[in-house]
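Biologist: I would like to learn how to read contacts and salt bridges in a model. Can we work through a case together?

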Amino acid sequence: MIQNVYLPDSDDCSDYIQCDCSTIQNGHLPNPEDCSSFIQCANGVAHIMPCPTGLHWNPNILTCDLPENVEPRCSTLQGSQAAENPCDIDTCNGNGICVVVNGAAVCNCFQGWLTDNCSEHVCDNVTVCSERGKCNRTTGECHCEIPWAGANCEVCNASKAVDVVFILDETGSISDAQFQQAKQAIFDTINILTIGTDDVQVAMVTFTTKQRLHFHFDVFDNSQDLIANIAAIVKPASGSTKIHGAVDFTRLNVLAHQSNRPNVRDVIILLTDGNSRVGGSEATRKLKDIESAKKIKDNLNAVFISVGIGMDIDRDTLKAMASLPEYYLETDFDKLGLDLKSIIDKVVNCKQD
């Protein structure tokens, strides 16, 4: 699309004076750079339109015509181009209109198609897939993260059956009082869920550089017994942080366990106040943390929520681990209860703000 063109022989403009389509608003003008196309003015906006292969624009009769019937100006200009038209080869993949500009093929892509050769299909909406899924550039369809659905991942589908696993940091940097606050936040979250064999099931892992599996998904069928068991967990006196170790352990020993129901959405919630201190250089540890979450996220039926607590977190790594930007939570121990409950209410129950 162009706004202005140069028309050396036009009655509407003097030689090489900028001519705006607003002077005629609606109508047709010759394209001085390419005789095999013309300019269509629509509501004051100029559009380059191609003639059928082998024809030139004839300004006298305002239609595409045989080259020999067109004024000499156009025949002379197009003489060398007529033998070999760059648009003779479909450079737009059938998803746009090819025109010749300065001797080169240029694609005017149809709505929804992108790139120089119109090979990528943009998904619906300016914000691609509402940042809740991935756009398939071949089909133009959104592959939505659970629980989102719809053409642009705009619809939240709450599911009755969900398997939730908490991965709770219990390293030495967390005091006993703070650990109790973290457990209370989990209690508050459990109380907004419907716990049962046909509803939400919960598993629990705590970690330092080592991991402890406290129970699988199918152990508790009511919130009272579930909360009582978590309340009995006592953190070790010391220990460093190895996030990727805990996430990998959860994938292999919890998500791969027979108690994880097939065709049921998995929600993984990582809660940590720090960053990995073990597992190679700092850069290597970051990559391992992100890769451990990616192995879980590659299953589109799984949602990964990362919760950073306090000031000593690796914000960028935790954000990269989360399934979506909105599934990263940064908070402190005093606010953890409300913040965690709020994000789980959105992910599991589809509660909107």
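Modeller: Start with the word contact: it means heavy atoms within 4.5 Å. Keep in mind that this is a predicted model.

Biologist: Which residues is T206 in contact with, leaving aside its neighbours within four places in sequence?

Modeller: T206 touches L168, E170, Q211, R212, H214 and I233. T206 itself sits in strand 17, which covers residues 200–207.

Biologist: Is T206 buried or exposed?

Modeller: Buried means under 20% relative accessible area. T206 has 0%, so T206 is buried.

Biologist: With which side chain does the side chain of T206 make a polar contact?

Modeller: Its partner is the side chain of E170, at 3.0 Å. E170 is also buried, with a relative accessible area of 2%.

Biologist: How many salt bridges does the structure hold?

Modeller: There are eight. One of them pairs E170 with R212, and their closest N and O atoms are 2.7 Å apart. E170 lies in the loop between strand 16 (162–169) and helix 2 (176–190), while R212 lies in strand 18 (residues 211–215), so the pair ties together parts 42 residues apart in sequence.

Biologist: What is the relative accessible area of R212?

Modeller: The value is 33%, so R212 counts as partly exposed.

Biologist: Where do K286 and E282 lie?

Modeller: Both are in helix 5, residues 282–297. They are four residues apart, about one turn of the helix. K286 forms a salt bridge with E282, with the closest N and O atoms 4.0 Å apart.

Biologist: How do I describe the accessibility of K286?

Modeller: K286 has 27% relative accessibility, so K286 counts as partly exposed. For E282 the value is 53%, and E282 counts as exposed.

Biologist: Which side chain meets that of D298 in a salt bridge?

Modeller: The side chain of K294 does, at 3.3 Å from N to O. D298 is partly exposed, with a relative accessible area of 48%. K294 is partly exposed too, at 38% relative accessibility.

Technical notes: Residues are numbered from 1 along each chain as its sequence is written. This is a predicted model: local features need pLDDT of at least 70, side-chain atom pairs count only at pLDDT 80 or more; totals for chains, interfaces and linings use all residues. Side-chain values use heavy atoms; hydrogens and water are left out. Helices (H or I, at least four residues) and strands (E, at least two) are DSSP runs, numbered from the N terminus. Buried means under 20% relative accessible area, exposed over 50%, partly exposed in between (1.4 Å probe, protein chains only). A polar contact is a pair of N or O atoms within 3.5 Å; within protein, one must be able to donate a hydrogen and the other to accept it, and residues adjacent in sequence count only if both atoms are side-chain atoms.
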